[in-house]
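Subject: Handover of a structure and a summary of its features

Dear colleague,

Please find below the structure that I am handing over to you. I would be grateful if you would look through it before reading the notes that come after it.

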Amino acid sequence: MRILELSGFAAGTYTAKYRQVCAALERGDFRQAQVKKLKHHGIYRAKLDDAARLLFKIAEHNGESIVLV
């Protein structure tokens, strides 16, 4: 899957963990990224650490799955 980030997005102190999660999502490895689907609107979350989560949505464009961060 390809990752698309919101313009101006910055992971701040979570940059290293964010890169690990993105690498797992690109491979489609949702288990390693500790992904869970939230109840509404098809939004997912990936665990960065005990307190921080990355919210994203999965979409399709030209037959390709894309992760919108």
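The paragraphs below describe what was found, beginning with the overall form and then turning to particular residues.

Please bear in mind throughout that this is a predicted model.

Overall form

The protein contains 1 helix and 5 strands. Followed along the sequence, these elements come in the order β-α-β-β-β-β. Along the principal axes, the C-alpha atoms occupy a box of roughly 35 × 25 × 20 Å. How does the radius of gyration of the protein compare with that of a compact globule? For 69 residues such a globule would have a value near 11 Å, and the protein has 12 Å, which agrees.

Of the 69 residues in the protein, 26% are buried. The accessible surface amounts to about 4,900 Å², and carbon and sulfur atoms account for 50% of this area.

The nonpolar core

The largest nonpolar core is made of 16 residues. Within this core, Leu25 and Phe56 have the most contacts. Which elements give two or more residues to the core? They are helix 1 (15-27), strand 3 and strand 4. Helix 1 makes the greatest contribution, with 5 residues.

Phe56 deserves a separate word. Its relative accessibility is 2%, and because a residue under 20% counts as buried, Phe56 falls in that class. Apart from neighbours within four places in sequence, Phe56 touches several residues, including Leu25, Val35, Ile43 and Tyr44. Val67, Leu68 and Val69 are also among its contacts.

Aromatic pairs

The distance between the ring centres and the angle between the planes are used to describe a pair of aromatic rings. The structure has 2 such pairs. One of them joins Phe9 and Tyr18, with 5.1 Å from centre to centre and 45 degrees between the planes, and this pair is tilted. Are the two partners buried or exposed, or do they lie in between? Phe9 has a relative accessibility of 31% and therefore counts as partly exposed, whereas Tyr18, at 7%, counts as buried.

Another pair is formed by Tyr44 and Phe56, whose ring centres are 5.7 Å apart. Their planes meet at 15 degrees, and because planes under 30 degrees apart count as stacked, this pair is given that name. Tyr44 belongs to strand 3 (residues 43-47) and Phe56 to strand 4 (residues 53-61), so the pair ties together parts that are 12 residues apart in sequence.

Salt bridges

Side chains that carry opposite charges can pair when their charged atoms come close. In this structure there are 2 salt bridges. Arg27 pairs with Asp29, and their closest N and O atoms are 3.9 Å apart. Arg27 is exposed, with a relative accessibility of 51%, while Asp29 is partly exposed at 27%.

Lys47 forms a salt bridge with Asp50, where the closest N and O atoms are 3.8 Å apart. Lys47 has a relative accessible area of 25% and so is partly exposed. Asp50 has a value of 70% and is therefore exposed. Where does Asp50 lie? Its place is in the loop between strand 3 and strand 4. The C-alpha atoms of Asp50 and Lys39 are separated by 20 Å, and these residues are 11 residues apart along the chain.

Backbone angles

Most residues other than glycine have a negative phi. Gln34, which is not a glycine, has a positive phi near 55 degrees. Gln34 lies in the loop between helix 1 and strand 2 (35-37), and at 40% relative accessibility Gln34 counts as partly exposed.

His41 is likewise not a glycine, and its phi is positive at about 65 degrees. His41 is found in the loop between strand 2 and strand 3. Its relative accessibility is 66%, and because a value over 50% counts as exposed, His41 belongs to that class.

Yours sincerely,
A colleague

Terms used:
Residues numbered from 1 in each chain as written. Predicted model: local features only at pLDDT ≥ 70, side-chain atom pairs only at ≥ 80, totals over all residues. Heavy atoms only, no water. Phe/Tyr/Trp six-rings, centres within 6.5 Å; stacked < 30°, edge-to-face > 60°. Buried < 20%, exposed > 50% of the residue type's maximum accessible area, 1.4 Å probe, protein only. Helix = DSSP H or I, 4+ residues; strand = E, 2+ residues; numbered from the N terminus. Core = buried A, V, L, I, M, F, W, Y, C linked by side-chain atoms within 4.5 Å. Contact = heavy atoms within 4.5 Å. Rg over C-alpha atoms; globule rule 2.2 N^0.38 Å. Areas by Shrake-Rupley, 256 points an atom, 1.4 Å probe, with all protein chains shown as cover. Salt bridge = Lys/Arg side-chain N within 4 Å of Asp/Glu carboxyl O.
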